[in-house]
Amino acid sequence: MAGKKTKSGMISHGMAAQNRKGRFDYTILETTEAGIVLKGPEVKSLRLGRATITEAYAAERDGEIWLFNSYIPEYQGGVLSRFEPRAPRKLLMHRKQIAHYLGAVSRAGASLVPLDIHFNERGMAKVTLGLGQGRKKEDKRHAIAERDWKRDKARLVRSKGKDY
């Protein structure tokens, strides 16, 4: 899903921010999509694709799931309304989903990791949350070796095809 940009440079649907380090640091057991409560200027800033969620995490507050430490810079389009770039943002999920994920976090010691923020086909901002188990150092090394082998294998297949 490539982020489709309009003439103004804003993303109409597709990826707005991605947490690539989250998939490296955690083994993702399952994923879900959640809505996110945003103010108008936050949506415009997200549509410019300038958000960062590498240090972000999702946690429980008052029986609801919130996104903490995500960075959405202020929109510079002449808007008078100001907002806090690192403010906690409420995630919209069904009660059963919330209970399921909070139970998994408390039982298994897993973490809720925001993997990306994207706009769906209707133009609504969504967060992909992953239920992740932290990786140890040797697991990370194995992931790096596997990724490098896949890259080398693809390179070999490409070069073999050119020889014939």
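Modeller: Let us take a few labels in turn and see what stands behind each one. Please keep in mind that this is a predicted model.

Biologist: Happy to start with a charged pair. Why is the contact of Arg89 and Glu42 called a salt bridge?

Modeller: The label needs a side-chain nitrogen of Lys or Arg within 4 Å of a carboxyl oxygen of Asp or Glu. The closest N and O atoms of Arg89 and Glu42 are 3.0 Å apart, so the pair meets that limit. Arg89 belongs to strand S6 and Glu42 to helix H2, and the two are 47 residues apart, which makes this a link between distant parts of the chain.

Biologist: What makes Arg89 and Glu42 count as buried or exposed?

Modeller: Buried means under 20% relative accessible area. Arg89 has 2%, and Glu42 has 4%. Both values are under the cut-off, so both residues are called buried.

Biologist: Which other residues of helix H2 are buried, and what do they pack against?

Modeller: Helix H2 covers residues 40–47, and besides Glu42 its buried residues are Pro41, Ser45, Leu46 and Arg47. The buried residues of H2 pack against strands S2, S6, S7 and S8. Just after H2 comes Gly49, with a positive phi of about 75°.

Biologist: How many salt bridges are there in the whole structure?

Modeller: The search finds 6. Another one of them joins Glu64 and Lys90, with the closest N and O atoms 3.1 Å apart. Glu64 lies in strand S5 and Lys90 in strand S6, so this pair ties together parts that are 26 residues apart in sequence.

Biologist: Why is Lys90 called partly exposed?

Modeller: Partly exposed is the range between the buried limit of 20% and the exposed limit of 50%. Lys90 has a relative accessible area of 27%, so it falls in that range.

Biologist: What about Asp152 and Arg155: how far apart are they in helix H4?

Modeller: They are 3 residues apart in H4, which means a separation of about one helical turn.

Biologist: What makes S7 mostly covered?

Modeller: In S7, 8 of the 9 residues are buried.

Biologist: Last one: why are S4 and S5 called paired strands?

Modeller: They are joined by 5 bridges and run antiparallel; at least two bridges are needed, so they count as paired. Ala58 has Leu67 in S5 as its bridge partner. The hairpin of S4 and S5 has 2 residues between the strands, and Asp62 takes a positive phi near 55° there.

Definitions and conventions:
Residues numbered from 1 in each chain as written. Predicted model: local features only at pLDDT ≥ 70, side-chain atom pairs only at ≥ 80, totals over all residues. Heavy atoms only, no water. Buried < 20%, exposed > 50% of the residue type's maximum accessible area, 1.4 Å probe, protein only. Helix = DSSP H or I, 4+ residues; strand = E, 2+ residues; numbered from the N terminus. Contact = heavy atoms within 4.5 Å.
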